[in-house]
Amino acid sequence: MSAIIEARHLTKRFGIFTANNDINLSVQEGEVRAIIGENGAGKTTLMNMLYGILQPTEGELLFKGQPVQFHSPKDAIEAGIGMVHQHFKLSPSLTVYENIVLGIETNKKLKIGNKEINLPLIDNKRERKVVEDLIQKYNFSLNPDDKIRDLSIGARQRVEILKMLYRQVKVLILDEPTAVLIPQEVEELIAKIHDLKRMGQTVIIITHKLNEVKACADTISVMRRGQLIDTIVNDDAATAEKLAEMMVGRPVLLRVSKSGKPVGDKPVLEVRHLSAKNAEGREVVRDVSFTIHENEILGVAGIEGNGQTELMYLLTGLMKPTAGSVKLRSKEILNEWPDELRRDGVGVVPEDRYKQGLCLSLPVSNNLISGYHRRSRFCHAGLMDYKEIQKNKDEMVKLYDIRISADDPPVSALSGGNAQKVIIARELSNGPEVLLASQPTRGVDIGATEFIHRSILALRDQGKAVFLISSELSEVKSLADRIIVIHDGRIVGEFDAESVSFNELGLYMSGAKEMKQLAGEGGNA
Ligand SMILES: Nc1ncnc2c1ncn2[C@@H]1O[C@H](COP(=O)(O)OP(=O)(O)O)[C@@H](O)[C@H]1O
Ligand SMILES: [Mg+2]
């Protein structure tokens, strides 16, 4: 075997920050290579250099043994390297085949004698046929004439992949391709990757999900803090535990261990017939009812954009409902101001930690009390007690393992995981009756994720109620006691978290299945 792509001493700096440090990477023709690493490890930066989006600060790149310099993705594609990003770049109003050929359309030709002249007209018929053949060849379930806007996320991703195959790339780079997919689509994609390999394609897949790596990779390269730690063969010795340890640099507990404490029977939060319309007048939350009890974590599973964000806005006073009621220990709290909610014992971990959860320019100490700053511990007769605020910071930093480089830096100087720990520390330390948490570990590294999971479970075991929205299905399943599935603004299923399978959840998430009678309606309270 010979290397199709080789990186030698590749370094990328952004200002004084080194995102990729002296990377040596060699990918063999026809292999499936996984690149794994925690958030911020430098995976996308490395791939962006292979794809011509970024130029290396130092080092060189070889394609089939020849030194190459890519000034743009166009150069990379011409050489034979294609990349599909996490966020798709398709035109929703165009069809599948139009999107695939976009940018390299085939012109109609005119034959004069034995000369061919390109006419300024696009040969739609021929293009469509080529795309149709390609769909057949790779056995992708797609219709060339469907409009992108009518397609599922999984299908849109297949279009992006075909777009690259149409350009006859030899190496296909997929950056976090499964982050947006439901379990069935993940399985399909992994099967496709196996097909592509069989047909001779080289695939580089970036992911942080270790079970997916195990299912599709021949070899695995691990990155940590801008460095390529090692490349190993995906065999039985390459266990998920070993890979996680290589990624983090220390042993990590991959499985969350629950206490086994039974769910209580006293309801804490009772949501009834909650509905809301968005700014365009579309009903985005539709007659949602559920109850959360003491010692219970209720998880919400759903594809993003099915009303989860709005549901959280409603519960946290950021959006007006059109109908419904929300009771915390029988007190109506719907439409309360965030300040009142906090006094009533509602802890909030918002979806967008930077926009809604933190004030970036303020120091960690201030962020650790914001929203709770009027509590008697920090404020006497309208005056802030700065000594106490600093003391609280020192306690929280220790208790919640917040890694800071200076004594009290602004939150903007913290990594995503540590910024999230500031929110978790603030909300949990103020003793909430119910915690409303949205995407609590999004973009957070494995080490901090482990810590946040344990903190949430500990809160539950103290008799509190937790409402957990997450697009990481495995997170919902491993933390929650009960799971409700949301689709198109409605709750379409309710399950015991332990016994329900990922596939079953996927069927409800995609809208393919729906329960008729839901226990949550009206009152299992
Ligand atoms: N254009 C840029 N300017 C400055 N810093 C960047 C830029 N792109 C990435 N980084 C930084 O480089 C590091 C690696 O980022 P990235 O390659 O996206 O990591 P990964 O894909 O492994 O999560 C991060 O700390 C990120 O903030
Ligand atoms: Mg990335």
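I'm counting a disulfide as a pair of cysteine sulfur atoms within 2.5 Å. One caution before I start: this is a predicted model.

**Cysteines**

I ran the disulfide rule first, and the count came to zero. I then looked at C379, which is in no disulfide. The nearest cysteine sulfur to it belongs to C359 and is 18 Å away. Is C379 buried or exposed? I get a relative accessible area of 18%, so C379 is buried, the limit being under 20%. I also checked C216, and at 3% relative accessibility C216 counts as buried.

**Aromatic pairs**

How many aromatic pairs does a search of the whole structure find? I get four. I looked up accessibility for both residues: Y138 is buried at 10% relative accessible area, and F140 is buried at 4%.

The other pair I noted is Y400 with F451, also edge-to-face. Here I have 6.1 Å centre to centre and 75 degrees between the planes. Which parts does this pair tie together? Y400 lies in the loop between α13 (386-399) and α14 (416-429), while F451 is in helix α15 (residues 446-461), so the pair links parts that are 51 residues apart in sequence. I find Y400 buried, and F451 as well.

**Charges over rings**

F451 came up again when I searched for charges over rings. K421 lies over the face of F451, 5.6 Å from the ring centre. I have another case in K477, which lies over the face of F502, at 5.6 Å from the ring centre.

**Second largest pocket**

Next I turned to the second largest pocket, which holds about 900 Å³ of space. What lines it? I count 33 lining residues, and E38, R225, S415, N418 and D445 lie nearest the centre of the pocket. For the elements that give two or more residues to this lining, I have β2 (17-28), β11 (219-224), α8 (240-248), α14 and α15. Which element gives the most? That is α15, with five residues. I sorted the lining of this pocket by class too: 12 residues are nonpolar, 11 are polar and 10 are charged.

I picked R426 in helix α14. R426 counts as buried, because its relative accessibility is 2% and the limit is under 20%. I took the distance from R426 to N99: the two are 327 residues apart along the chain, and their C-alpha atoms are separated by 47 Å.

N367 was my other pick, and I find it in helix α12 (residues 364-367). At 2% relative accessibility, N367 counts as buried. How far apart are N367 and V411 in sequence and in space? I get 44 residues along the sequence and 7.6 Å from C-alpha to C-alpha.

Notes:
Residues numbered from 1 in each chain as written. Chains lettered and ligands numbered in written order. Predicted model: local features only at pLDDT ≥ 70, side-chain atom pairs only at ≥ 80, totals over all residues. Heavy atoms only, no water. Phe/Tyr/Trp six-rings, centres within 6.5 Å; stacked < 30°, edge-to-face > 60°. Buried < 20%, exposed > 50% of the residue type's maximum accessible area, 1.4 Å probe, protein only. Helix = DSSP H or I, 4+ residues; strand = E, 2+ residues; numbered from the N terminus. Lys NZ or Arg CZ within 6 Å of the ring centre and 35° of its normal. 1 Å grid on protein atoms, 1.4 Å probe; cavity = no way out; pocket = protein on both sides within 12 Å on 5 of 7 lines; lining within 4 Å. Points joined across faces, edges and corners; volume = space filled by probe spheres on them. Nonpolar A, V, L, I, M, F, W, Y, C, P; charged D, E, K, R; others polar.
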